[in-house]
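Take a look at the model below. Then read on with the structure in view.

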Amino acid sequence: MTETTTPVTRFAVPGRIAVSGEAATVWQTATLTEIRRETPHAATFRLAVQAWAGHLPGQHLMLRLTAADGYVAQRHYSIASAPDDSGHIELTLDRVPGGEVSGWFHTVARPGDTIEVRGPLSGFFAWPGDRPALLLGAGSGVVPLMSMVRHHRVRGLGLPLRMLVSARSPEELIYAAELGAETTPVFTRSAPPGVAVGRMTAAHVAPLLAEQPAGGWEAYVCGSNGFAEHASRLLVAAGQPVERIRIERFG
């Protein structure tokens, strides 16, 4: 993931402690407690972190694996779970061909294994739950957005929240069984009968911008470089102010 805006490290969230930037500098041991298959290529890994200081929807963490010979691999991963999860965090990982960390999680990791984590990191892409949120994601770009959706549900927030998520097919739609009325899926390669196949277009975005909530949308875009550019252009063309578009890219 890359970001071009200086991150903000703390937010005041009603009903929760502020996230401490100091806590994010400390490596902690996390124990894998559950593995859930999401799609043929993606799975969710639930981790217990005893001293986790909490996070905001949209933040990510640094994960560190150390091999028996001392070799170390580190990766950034978005947090999928809502903040209110009692010392647990969830990561949803695609299996990347040749990926040493994602490959370990998908083929070797078992409940009871331990890893190291550090975070939460970056406040730039975080949604504190204080403004209407319009979420656009593709593939595993839905992961930090799902943290926002879950937070919205758990807290019963009355603020409007809508999500457009693009996937190759219904089988590749991460969290398919959990998505609700707030979400509109877009399928690029195959779709259920009667559902159009193709990229996200102005026809998906423009209606949401035409009937904005009070105060307007704060837009969050997450996905590959190509998707981020495409989705951002759609938003701007539909009238979304550039300064109210937050982007997280990968790949």
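## The model and its confidence

This is a predicted model: local features need pLDDT of at least 70, side-chain atom pairs count only at pLDDT 80 or more, and totals for chains, interfaces and linings use all residues. Residues are numbered from 1 along each chain as its sequence is written, and side-chain values use heavy atoms, leaving out hydrogens and water.

The pLDDT is the predictor's confidence in each residue, from 0 to 100. The chain averages 90, and 90% of the residues score at least 70. Over residues 1-19 the pLDDT is below 50.

## The five-stranded sheet

Helices (H or I, at least four residues) and strands (E, at least two) are DSSP runs, numbered from the N terminus. Five strands form an open sheet in the order S9-S8-S7-S10-S11, with parallel pairing. Strands pair if DSSP finds at least two bridges between them. The edge strands are S9 (183-187) and S11, and each pairs on one side only.

S7 and S10 share five bridges. Six bridges join S10 to S11 (residues 245-250). Tyr-220 of S10 stands opposite Leu-135. In S11, the bridge partner of Tyr-220 is Arg-246.

## Helices across the sheet

S10, helix H4 (residues 225-237) and S11 make a right-handed β-α-β unit. Right-handed means that, with the strands pointing away from the viewer, the path from the first strand over the helix to the second runs clockwise. H4 lies across S7, S8, S10 and S11, at about 155° to S10. Such angles run from 0 to 180 degrees between N-to-C directions, with axes fitted to C-alpha atoms, for helices over the stretch in contact.

Ala-237 is in H4. Is Ala-237 buried or exposed? Ala-237 is exposed, because its relative accessible area is 71%; exposed means over 50%, buried under 20%, and partly exposed in between (1.4 Å probe, protein chains only).

## Two nonpolar cores

A nonpolar core is a set of buried Ala, Val, Leu, Ile, Met, Phe, Trp, Tyr and Cys residues joined through side-chain atoms within 4.5 Å. The largest has 23 residues; among those touching the most other members are Leu-135, Met-163 and Tyr-220. S7 (133-138), helix H2 (142-155), S8 (161-167) and S10 (218-224) each give two or more residues to this core. H2 gives the largest share, six residues.

Met-163 touches residues including Leu-135, Leu-145 and Leu-179, not counting residues up to four places away in sequence. Contact means heavy atoms within 4.5 Å. A second, separate core of 21 residues includes Phe-45, Leu-61, Leu-65 and Leu-91.
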